[in-house]
Amino acid sequence: MTATSDHNRPVSKDQPAWTRRKLGAAVLAAALCLGPLAALAQTQIYDARTKKWVNYDKKKARQYFARNNQLPEAFRRQVVPFRTAEQPGTIIIDGNQHFLYLVQPGGQAIRYGIGVGREGFGWAGIVRVGRTAEWPTWTPPAEMVARDPNAAKWAAGMPGGPDNPLGSRALYLYEGDQDTIYRIHGTVEPWTIGLDVSSGCIRMNNDDVTDLHSRIEIGAKVIVLMQGAALYKGV
């Protein structure tokens, strides 16, 4: 498999601001999607005004979202050139750059901004979409229930809705017929897109995950590329 994204091209005034992150050691996640946001964010965004890369951490992300009521341009949904041997309908996730690509015909892809696993929770591999859900139920794992009284009250499952941590849609990632416990899902914290914030799951803002959900098919191939991460399977 070869996949070449567009984020290595030079930035110009006509291009969205790409992101980059420093390499860091990472290991396979313990299958928890909704970890705390105390990560050391390594994302940078390009400031067209100063023509410099600037740090984009949790605090600055919240300030930007509060000020603009939207994400930086780089993390907004857009169609981009994308060269790959993978078939249209394949999802390719670049965790380092915080982008998810949905391969389209004609050398293009729809690019979405994502939040990914914080340091120590990154992973990489080839899986598939085993099932999907609209306004999914969130069931916290036993470890979270034991340590978090707020999670404990939802031990039997939190119904889907605008306050649910999984957001408006969830795509459940499988290896063969086995649920990996990883998901692509929405979020109630849209300002975290572009950061390393989760415990291994891929989060998107609700509008974007709803759009992705409307376009993919059950069984769609999902390739997770995360430099410096442990391999889940096959990459």
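What follows is a chat about how some labels on this predicted model come about.

Colleague: Why is N205 called buried?

Modeller: Its relative accessible area is 14%, and buried means under 20%, so N205 gets the label. You'll find N205 in the loop between β15 (202-203) and α4. Leaving out residues up to four places away in sequence, N205 touches L71, T187, P190 and I193.

Colleague: What makes the N205 and D207 pair a polar contact?

Modeller: The backbone nitrogen of D207 is 3.2 Å from a polar atom of the N205 side chain. The cut-off for N or O atoms is 3.5 Å, with one able to donate a hydrogen and the other to accept it. The N205 atom is a side-chain oxygen, and this happens at the start of α4. The N205 side chain also reaches the backbone nitrogen of D208, at 2.9 Å.

Colleague: Which residues of α4 are buried, and what covers them?

Modeller: D208, V209, D211, L212 and H213 are buried in α4. Their cover includes β7, β8, β9, β11, β12 and β13. L212 touches I91, L100, L102, Y112, L171, I184 and M204, not counting residues up to four places away in sequence.

Colleague: Where does L212 stand in the largest nonpolar core?

Modeller: That core has 24 residues, and L212 is listed with I91, I93, L100 and I184 as touching the most other members. Elements supplying at least two residues each include β7 (91-94), β8 (99-104), β13 (178-185) and α4 (206-215). The most comes from β11, with 3 residues. Apart from this core lies another, of 20 residues, with Y64, F82, Y101 and V103 among them.

Colleague: Why is the F99 and Y101 pair called edge-to-face?

Modeller: The ring centres are 6.1 Å apart and the planes meet at 80°. Pairing needs centres within 6.5 Å, and edge-to-face needs planes over 60 degrees apart, so both tests are passed. F99 and Y101 are both buried. The count of aromatic pairs comes to 6, and ring pairs link Y56, F75, F82, F99 and Y101 into a cluster.

Colleague: How do you know that a charge sits over the ring of F99?

Modeller: The charged end of R111 is 4.0 Å from the ring centre of F99. The limit is 6 Å, along with an angle within 35 degrees of the ring normal. R131 lies over the face of Y172 too, at 3.7 Å from the ring centre.

Methods: Residues are numbered from 1 along each chain as its sequence is written. This is a predicted model: local features need pLDDT of at least 70, side-chain atom pairs count only at pLDDT 80 or more; totals for chains, interfaces and linings use all residues. Side-chain values use heavy atoms; hydrogens and water are left out. A nonpolar core is a set of buried Ala, Val, Leu, Ile, Met, Phe, Trp, Tyr and Cys residues joined through side-chain atoms within 4.5 Å. Buried means under 20% relative accessible area, exposed over 50%, partly exposed in between (1.4 Å probe, protein chains only). Helices (H or I, at least four residues) and strands (E, at least two) are DSSP runs, numbered from the N terminus. Contact means heavy atoms within 4.5 Å. Rings of Phe, Tyr and Trp (its six-membered ring) pair if their centres lie within 6.5 Å; planes under 30 degrees apart count as stacked, over 60 as edge-to-face and the rest as tilted.
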